[in-house]
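This report describes a single structural model and the sites that can be located in it. The sequence and coordinates are shown first, and the description follows.

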Amino acid sequence: MSHSNPPSPRRFTSAGPLTGRIAVPGDKSVSHRSLMLGALAVGETRVTGLLEGEDVLATATAMRAMGATITRDDDGTWSIHGVGVGSLLQPEQALDMGNSGTSTRLLMGLVASHPIRAVFTGDASLSKRPMERVIEPLSQMGANFEASPGGTLPLMLRGISPAVPLTYRLPVASAQVKSAILLAGLNTAGITTVIEPVPTRDHSERMLRGFGAKLEVGEENGERVIALHGEADLQPQAIAVPGDPSSAAFFAVAALLVPGSDLLIENVGLNPTRAALFDVLRDMGGRIDELDRREVGGEPVADLRVRHSPLTGVEVDPAVAPAMIDEFPILFVAAALAQGKTTTRDLEELRVKESDRLAAMAAALTLAGARVEEYGDGLVIEGTGGDPLPGTADATAIATHLDHRIAMSMAVAGLASRNGVEVDDVSPIATSFPTFERLLAEAGA
Ligand SMILES: O=C(O)C1=C[C@@H](OP(=O)(O)O)[C@@H](O)[C@H](O)C1
Ligand SMILES: C=C(OP(=O)(O)O)C(=O)O
């Protein structure tokens, strides 16, 4: 789980166009939440299309350690027998969260309002990420923390029951912080309220309602107000997880960049709080058509037909950033091959993901021959106008810093390069998209 294995370097080179149809694995955010909410419902929740990536498997292991029975049938359907809100057991060993920020922060919320103690550990990347953003509101609800200096993992959390309901205005746009508080609110008498000045992905709200929690979403002074009624009774569900738009993003950009490509990506989740990358790519001139729009598991989905297109640089509106927060690394690759300049700003949050994604992508694209300027809060990229990037020299490899999205973004850059791009370690890709390389091969790249 924690990537102690030796790194697996890989060179990605231009091959043929991407064609045919592929299906990307299930959405990571929805998969985590299916396991967590299933573990809190009494009875059997069944989940199809669950992402079987390391991050989600870390959540499954943690929920088992706290009492849920979680199994996988031969046909790939997952079954979760939950313990009920308020009945999580104290885990006997430390919860190893691997590389996963979502597992860590959301589970901290769950533990916070149960009378149990849990130790959270993670890999070298996760151990640098800020946890103070959840420690602060969960402490206000009554939980007690012993964290490493700077509010990082490893940390010990002592939950409390009854916890105190909280009204909390998010100081950073973060679905993980919002979700941690709402999950803590499930076992807290009274109403727990989160105020979001900037809307973030709303899977928690949709799924909490789907599981039968009483949750109201309103608007006050232009801010979203989410109120959860505590001591909830969750009902088991049948969940079909839509394909992950954050995974589809790599194939969409690859197909736009590689001449001759015409690729169908099936069953892509297009929740408006997630899908802004596809709008930005269309603004850049990308031919991305939505076919057969429908609903899967309470989320809008469509098949995406993506054709090679000349792209033009754009100024990305900071207001759309939360709806494409994980897609900036791959957008930067698209920008590196567009005609003219792409400007991004207000992206400080990218510095506290699995890596500092502004610094990592600026260094990586520069090494591959792109023209990139790094600022405190964003990148400005002058594209090649469609010419392939030079690529990396034989003895140099892109540093991925245990960050799956840097590895996959630079793999796509390799497909659109003259000499190929060497990535120092592809093993982190298994955290969110274990079938990435197989699907690249299937699509002909
Ligand atoms: O709630 C979630 O499932 C996620 C929220 C986002 O993180 P932040 O809340 O830190 O922005 C995102 O980057 C992450 O991949 C998944
Ligand atoms: C930021 C990400 O995930 P997490 O925060 O769960 O590690 C991501 O998948 O890009």
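Helix α4 is followed by G142, whose phi is positive, near 115°. Helices here are DSSP runs of H or I with at least four residues, strands are runs of E with at least two, and both are numbered from the N terminus. The structure is a predicted model, in which local features need pLDDT of at least 70, side-chain atom pairs count only at pLDDT 80 or more, and totals for chains, interfaces and linings use all residues. Residues are numbered from 1 along each chain as its sequence is written, while chains are lettered from A and ligands numbered from 1 in the order in which they are written.

Within α4, V134, I135, P137 and L138 are buried; a residue is buried if 20 or more other C-beta atoms lie within 10 Å of its own, exposed if 12 or fewer, and partly exposed in between, with C-beta atoms placed from the backbone. The cover over these buried residues includes α3 (101-112), β8 (144-148), β10 (167-169) and α5. An α-helix has 3.6 residues a turn, so residues three or four places apart point the same way.

The loop between β7 and α4 holds A124. A124 counts as exposed because 12 other C-beta atoms lie within 10 Å. Its C-alpha atom is separated by 9.5 Å from that of L153, 29 residues apart along the chain.

## Confidence

The mean pLDDT of the chain is 97, and 99% of its residues reach 70 or more; pLDDT is the predictor's confidence in each residue, from 0 to 100. The model scores are ipTM 0.99 and pTM 0.98.

## Domain arrangement

The chain is divided into domain 1 (10-26 + 242-442) and domain 2 (28-236), with bounds that come from an automatic or database domain assignment. Taken over C-alpha atoms, the centres of the two domains are separated by 29 Å. In domain 1, 24 residues are in contact with 26 residues of domain 2, where contact requires C-beta atoms, placed from the backbone, to lie within 7 Å. The side of domain 1 that touches domain 2 comprises nine nonpolar, 10 polar and five charged residues. In this classification Ala, Val, Leu, Ile, Met, Phe, Trp, Tyr, Cys and Pro count as nonpolar, Asp, Glu, Lys and Arg as charged, and the others, Gly among them, as polar.

## Ligand surroundings

The residues around ligand 1 are S29, T102, S174, A175, Q176, S179, R201, I325, D326 and E349; a residue belongs to such a shell if its C-beta atom, placed from the backbone, lies within 6 Å of the molecule. By class, this shell has two nonpolar, five polar and three charged residues. Helix α5 (residues 175-186) supplies the largest share, three residues. Ligand 1 lies between domain 1 and domain 2, because both give residues to its shell.

Around ligand 2 are D55, S100, G101, T102, D326, K353, E354, R405 and S432. This shell contains no nonpolar, four polar and five charged residues. Ligand 2 also has residues from both domains in its shell, and therefore lies between them.

## Annotated positions

An unreviewed UniProt entry lists K28, G101, R129, Q176, R357 and R405 under "binding site", and its "active site" annotation covers D326. UniProt positions are given in the numbering used here, feature names are shortened, and annotations may be inferred rather than shown by experiment.

D326 is found in the loop between β17 (299-307) and α9. D326 counts as buried because it has 23 C-beta neighbours inside 10 Å. Leaving aside neighbours within four places in sequence, D326 is in contact with S246 and R405. K28 lies in helix α1 (residues 28-40) and is buried, with 24 C-beta neighbours inside 10 Å. Beyond residues up to four places away in sequence, K28 touches L51, G53, D55, V56, D244, S246 and S432. R129 lies in the loop between β7 (117-121) and α4 (132-140) and counts as partly exposed, with 19 C-beta neighbours inside 10 Å.

## Helix α9

Helix α9 (residues 328-336) is largely enclosed by the rest of the structure, because nine of its nine residues are buried. These buried residues pack against α7 (245-257), α8 (276-283), β18 (341-343), α10 (357-367), β20 (378-382) and α11 (404-415).

Key:
Contact = placed C-beta atoms within 7 Å.
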